[in-house]
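Open the model in your viewer and get ready to select residues by number. This is a short tour, one stop at a time.

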Amino acid sequence: MMSSFVPGLELSRAFYAQIVQPLTADVTHSAALIGAGSEVLEFDTERSTDHDWGPRVVLFAAPETTGPLRETITTGLPPTFGGYPTTFGAGHGVEVVDAAAWFDDRLGFDPLRGVTTLDWLATPWQRLAEVTCGEVFHDGLGVLQQARSAVRWYPGDLWRYILACQWRRLAQLEAFPGRCGEVGDDLGSAVLTAELARDLMRLVLLMRRRYPPYSKWLGSAFARLTGTAELGDALTEAVAAKEWRERQRQLGRAYERVAALHNRLGLTEPLQTTTRGFYDRPFQVIGAQRFTDALGAAITDPQVRALPPTGSVDQFGDSADLLTCPRWCRAVTRAVLGEQATGLQSAA
């Protein structure tokens with residue numbers, strides 16, 4: 001039997017054109033499917049429809065028109081669209097909001113007022129993906145394209161900084177799967193290998209200018225990248241390996257491919273891409289700190305060069321409760337940066 005599932009982005013696009021737009025034609029507005037939801041990143045499947053899923057639109061309007069517009073939408077929506085209820089969860093699928101308030105709620109700041117270095121570092125990758133993915137259906141207010149463009153990707157020196165910090169994470173762990181295996185801690189070796197695979201996947205996404213999504217969709221996002229099939233095979237083999245030497249061999253394959261990708265980016269002088277011994281111990285590593293150092297040396301902005309080697313909130317924080325609360329993310333990032341945070345608050 002063929003599935004009748006319609007991807008949420010396609011469903012919502014038609015929902016806006018056929019239902020929402022006629023109801024709002026007399027009000028200047030912008031409309032999009034952005035924000036939370038697997039359909040925004042196009043990872044939704046038929047399984048997604050079992051809760052809080054259906055035709056959705058985020059409708060942006062001037063603050064003085066949001067109240068009346070909500071009433072118009074609420075009274076004008078049909079009970080179903082495309083075979084799906086228009087009411088689900090706590091209400092219907094049309095969110096009527098003021099743009100500045102919505103961005104501040106999702107990101108912790110309004111990108112229409114500019115994006116500071118602190119804004120970049122305190123905003124989780126998942127939230128940046130939710131704002132820059134999805135689709136704008138209409139931009140009558142002229143705010144959505146501008147806001148999305150402002151946070152499309154990191155400025156050059158901040159990109160180098162984020163990549164440097166991600167390589168540093170690898171440098172801190174790369175010798176440990178072998179060391180655990182050598183002392184008979186096979187479970188520890190396997191866990192560390194999986195952690196390194198996760199950090200490599202996130203590194204490659206960052207290299208390819210993609211915000212890594214949260215854990216449920218990380219593998220799916222990585223698999224969509226072109227030209228990463230062999231790298232994906234190496235990581236799969238590393239995670240599945242039953243013995244630390246095989247894990248090391250497969251991680252080595254992955255390291256060398258990611259090192260070659262680094263060189264193709266041209267962000268630093270070319271670096272050797274082959275694995276090497278870890279001091280005189282029988283462990284093969286890529287020497288990830290070399291890439292951290294080279295990226296740091298290529299940063300020209302003195303403010304970015306002075307940042308601690310902690311990176312963005314995703315790189316030093318790993319709590320879902322933290323990463324879904326912009327206020328906490330900003331507070332924690334300020335605390336980690338210490339005195340640096342004061343200057344970053346007003347930096348462009």
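Where does Tyr 279 lie? Select Tyr 279 and look: it sits in the loop between β9 (276-278) and β10 (281-285). Keep in mind as you go that this model is predicted.

**Stop 1**

Most residues other than glycine have a negative phi. Tyr 279 counts as exposed because its relative accessible area is 72%, and the cut-off for exposed is over 50%.

Now select Glu 42. This residue is in the loop between β1 (29-33) and β2 (57-61). Glu 42 is not a glycine, yet its phi is positive, at about 60 degrees. Is Glu 42 buried, partly exposed or exposed? Its relative accessibility is 47%, so Glu 42 counts as partly exposed.

**Stop 2: further along that loop**

Select His 51. The loop between β1 and β2 holds His 51 too. His 51 is exposed, with a relative accessible area of 53%. His 51 and Leu 251 are 200 residues apart in sequence and 38 Å apart in space.

**Stop 3: helices α1 and α2**

Select residues 8-24 for helix α1 and residues 63-76 for helix α2. Their axes are 10 Å apart, and the helices pack at an angle of about 140 degrees. That angle makes α1 oblique to α2. The crossing of α1 past α2 is right-handed.

Which residues make the contact? Show these side chains:

- From α1: Val 20, Leu 23 and Thr 24.
- From α2: Leu 69, Thr 72, Ile 73 and Gly 76.

Sorted by class, the contact of α1 with α2 has four nonpolar residues, three polar and no charged.

**Stop 4: helix α7**

Select residues 156-173, which form helix α7. How far apart are its end C-alpha atoms? They are 27 Å apart. At 1.5 Å a residue, the 18 residues should span 26 Å, so the two values agree. Now colour α7 by burial. Of its 18 residues, 14 are buried, so α7 is largely enclosed by the rest of the structure.

**Stop 5: helix α9, residue by residue**

Select Asp 199, which lies in helix α9 (residues 186-207). Asp 199 is buried, with a relative accessible area of 1%. What does Asp 199 touch, leaving aside its neighbours within four places in sequence? Asp 199 is in contact with Gln 166, Arg 169 and Leu 170.

Move to Ala 194, also in α9. Its relative accessibility is 35%, so Ala 194 counts as partly exposed. Ala 194 and Ala 99 are 95 residues apart along the chain, and 40 Å separates their C-alpha atoms.

**Stop 6: α9 meets α11**

- From α9: Thr 193, Ala 194, Ala 197, Leu 200, Met 201 and Val 204.
- From α11: Leu 231, Leu 235, Ala 238 and Val 239.

How many residues of each class are in the contact of α9 with α11? Nine are nonpolar, one is polar and none is charged.

Definitions and conventions: Residues numbered from 1 in each chain as written. Predicted model: local features only at pLDDT ≥ 70, side-chain atom pairs only at ≥ 80, totals over all residues. Heavy atoms only, no water. Helix = DSSP H or I, 4+ residues; strand = E, 2+ residues; numbered from the N terminus. Expected span 1.5 Å × (residues − 1). Buried < 20%, exposed > 50% of the residue type's maximum accessible area, 1.4 Å probe, protein only. Axes fitted to C-alpha atoms, helices over the stretch in contact; angles between N-to-C directions. Parallel < 35°, antiparallel > 145°, perpendicular 65-115°, else oblique. Left-handed = near helix turned anticlockwise from the far one by under 90°. Contact = heavy atoms within 4.5 Å. Nonpolar A, V, L, I, M, F, W, Y, C, P; charged D, E, K, R; others polar.
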